[in-house]
Amino acid sequence: MATAINKAPGPEASEDPLDSYSATVVRVAETVTPHVAAIEMTGRGRNGRFRVGAGSAVLFTSDGYLVTNAHVVAGTESGHAVFADGTRTSVQVVGADPLSDLAVLHGKAPTAAPAELGDAETLRVGQLVIAVGNPLGLSGSVTAGVVSGLGRSIPVWSGRNRRMIEDVIQTDAALNAGSSGGALADARGRIVGINTAVAGTGLGLAVPVNTTSRKIIASLLRDGRVRRAYLGLVNTPVQLQASAVVRTGRREGLLVVEVLAGSPAERAGLRAGDIILSVGRKPVSNAESLQKLLFAEAIGTPLEVSLLRDGVEKQVEAVPDEMTLQ
């Protein structure tokens, strides 16, 4: 009887699931790395200039504007950026916004093309993301992981005031000192976040690239700062009960956890336990949907707030103050 001779496995048979994963990470790394610079920022002390902070920044325009973290450039006015190809340029701080932890720098027009900005609103938990930055001074470092959570909040301090950066992305892509300000990209190489913090072993956070952050960046480019309206609420997303869905036609809202003393929200009569359905007749269901309503144009403007209190729908009027960082 003739002995069967097994054929050598073809390309299809030899494919390993990790091959596709690796190919994606390699492709994204090659796409994103040229847009990410290592930055070193300096300030002026009594004895002259000294190093203040270092991190990463992402080139997002063809004429040399980069986005990074506000905490990376805090207390500085200038520094330098070095791209992966060795190109070096001096940079100036255009503006910074501690409440979103975003800042904009400007340097000479680089040879690299700008990064493509994506939309973090399309992200899903479990989705592949790739982080590119300069952790521990190691230029052009790439790590990969998944979206571990969405809509997280992290505390920041401005003077003696504790505030929250809302709606951040949680990822298990490894981040270290120096990763701050670097890129978080999706599998198509689009920048969906700006890495901002290491929250613990295997846990990183990034400011999302979305409608709100684009508006913040535009304000920094135009004015060097961001003016915000302030209601004085601590809130969290909540799913409405079935009976409330039938009555209101809404499935989600914002549960008021705390109303700050002396705030516009307190003056309007809002209380902890209220569920906000809409502000200014626009539905709100997460931090980002409320934040995008509270920019400069809302300061001093009466806003109708529709809410549920003890199962009863009510309307109140709130007039936001301008947020100060004192």
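What percentage of the 326 residues in the protein is buried, and which residues have the most contacts inside the largest nonpolar core?

Guide: Quick caveats: this is a predicted model, where local features need pLDDT of at least 70, side-chain atom pairs count only at pLDDT 80 or more, and totals for chains, interfaces and linings use all residues. Residues are numbered from 1 along each chain as its sequence is written, and side-chain values use heavy atoms, leaving out hydrogens and water.

Buried residues (under 20% relative accessible area, with a 1.4 Å probe and protein chains only) account for 46% of the 326. The protein has seven helices and 20 strands, which are DSSP runs numbered from the N terminus (H or I, at least four residues; E, at least two).

Now the close-up. A nonpolar core is a set of buried Ala, Val, Leu, Ile, Met, Phe, Trp, Tyr and Cys residues joined through side-chain atoms within 4.5 Å. The largest has 24 residues, and Val32, Val58, Val67, Leu102 and Ile191 have the most contacts inside it. At least two core residues come from each of helix H2 (17–32), strand S6 (102–107), strand S7 (128–133), S10, strand S11 (191–200) and helix H4 (211–223).

Take leucine 102: skipping neighbours within four places in sequence, its contacts (heavy atoms within 4.5 Å) include Val67, Ala70, Ala96, Ile194, Val207, Ile216, Ile217 and Leu220.

Note on methods: Buried < 20%, exposed > 50% of the residue type's maximum accessible area, 1.4 Å probe, protein only.
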